[in-house]
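Dear colleague,

Here is the structure that I promised to pass on to you. Please keep it open while you read the notes that follow.

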Amino acid sequence: MTALLLARQGKTLVVTEDPVHLHFQQTLRLAGAELYPLSVDEAGLRTDELPRNVRPGAVFLTPSHQFPLGGTLSVQRRIDLVAYAAATECLLIEDDYESEFRFEGLPVSSLRELAPSATVYIGSFSKILSPALRLGYAIVPAHLGEVFRRIKYDVSNHTSSVEQRIVADLLDEGVVERHIARMKRFYREGRKRLVRNLADAFPGRHEIRSAGAGAGLHLVVRFPGLVFDAERCSRIEARGVRIHPVEGHAIRKGHYGEWVILGYGNLSFDAMDEGVARLRAALDAEMA
């Protein structure tokens, strides 16, 4: 919906993180957007790379837990972005990806709190409750509310009222909040177990991106000397374990060949143990 809003306003240039989720890239491009990629590091989007000679329609980012590399946007960079949005009159599209599953440090404030009139705040119940719900939400600036309602009607004029009402009741009754608290405890232990298993299986042979170690439902891991192209990933999957190369989410290729994404959100502890063991066997075979 936000991509269509930009298209209807003729604002086709969108600044994005790089790497950024492939599906976000596809969605923006399907709406006619031209992507302007910026680097990311442990402190999130590199605001020093923001374009000064053009006026983008929007900046798209995942500030709470950058996907896939895991960084959290620093306070100074949030201030930089708000100032940039004011100067260029662009929108900030804030996908609050996995902010609920933060295991270390204090909760992170949203960009929207700093710039409510310039920020479209997007979230989903897929990770919190169930992907099968297909329910998400957008908090938009007041002056864009009616435009978004018209776009929603054009795209899909009905979303299940029953499911919306059920989720609303769960929110009102505090069920969702209690569920998140329980799942945070479970995923925190799962993450510790996965990190420990990787350390045992690959002593001195891997690097976990530290910025992503305290939040989310995946780890980003680098294996120096191994490039995870499509052929290698297929061979590894044939040995019973699926990994996702970071390079597949990169707009500018050639920088993340040694990095892979290990997701664990749908795995039991025993399955995590088995997955790391299979990965060790597969990588040993690749290096033989």
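This is a predicted model: local features need pLDDT of at least 70, side-chain atom pairs count only at pLDDT 80 or more; totals for chains, interfaces and linings use all residues.

**Cysteines and disulfides**

A search of the whole structure finds 0 disulfides, a disulfide being counted where two cysteine sulfur atoms lie within 2.5 Å. As a reminder, a disulfide is a covalent bond between the sulfur atoms of two cysteines. C90 is buried, with a relative accessible area of 4%, and C233 is buried as well, at 12%; here buried means under 20% relative accessible area, exposed means over 50%, and partly exposed lies in between, with a 1.4 Å probe and protein chains only.

Residues are numbered from 1 along each chain as its sequence is written, and side-chain values use heavy atoms, with hydrogens and water left out. The protein chain averages a pLDDT of 90, and 95% of the residues score at least 70, where pLDDT is the predictor's confidence in each residue, from 0 to 100. Helices (H or I, at least four residues) and strands (E, at least two) are DSSP runs, numbered from the N terminus.

Strand 6 and strand 7, by contrast, run antiparallel and are joined by 4 bridges, with G136 in strand 7 as the bridge partner of S124.

Another open sheet is formed by 4 strands in the order 8-9-11-10, and its pairing is antiparallel. Its edges are strand 8 (207–208) and strand 10 (244–245), each of which has a single partner strand, so one side of each lacks a neighbour in the sheet. Strand 8 is joined to strand 9 (residues 218–222) by 2 bridges, and I208 has V221 in strand 9 as its bridge partner.

How far apart are the end C-alpha atoms of helix 6? They are 16 Å apart, which agrees with the 16 Å that its 12 residues (161–172) should span at 1.5 Å a residue; the expected span is 1.5 Å times one less than the number of residues. Just after helix 6, G174 takes a positive phi of about 80°.

Helix 7 has 27 residues and reaches 39 Å from its first C-alpha to its last, close to the 39 Å expected. Its buried residues include V176, H179, I180, Y187, L194 and L198. What covers the buried residues of helix 7 includes helix 6, strand 8, strand 9, strand 11 and helix 9, with contact taken as heavy atoms within 4.5 Å.

**Aromatic pairs**

The whole structure holds 7 aromatic pairs; rings of Phe, Tyr and Trp (its six-membered ring) pair if their centres lie within 6.5 Å, and planes under 30 degrees apart count as stacked, over 60 as edge-to-face and the rest as tilted. One of them is the tilted pair of F125 and Y137, with 5.5 Å centre to centre and 55° between the planes. This pair links distant parts of the chain, 12 residues apart, with F125 in the loop between strand 6 (119–124) and strand 7 (136–139), and Y137 in strand 7. F125 counts as buried because its relative accessibility is 12%, whereas Y137, at 28%, counts as partly exposed.

Y187 and Y264 form an edge-to-face pair, 6.3 Å centre to centre and with 70° between the planes. Here 77 residues separate the partners, Y187 being in helix 7 (residues 175–201) and Y264 in the loop between strand 11 (259–263) and helix 9 (269–287). Y187 is buried at 8% relative accessibility, and Y264 is buried at 1%. F186, Y187, Y264 and F269 form one aromatic cluster.

Notes: Two strands pair if DSSP finds at least two bridges between them.
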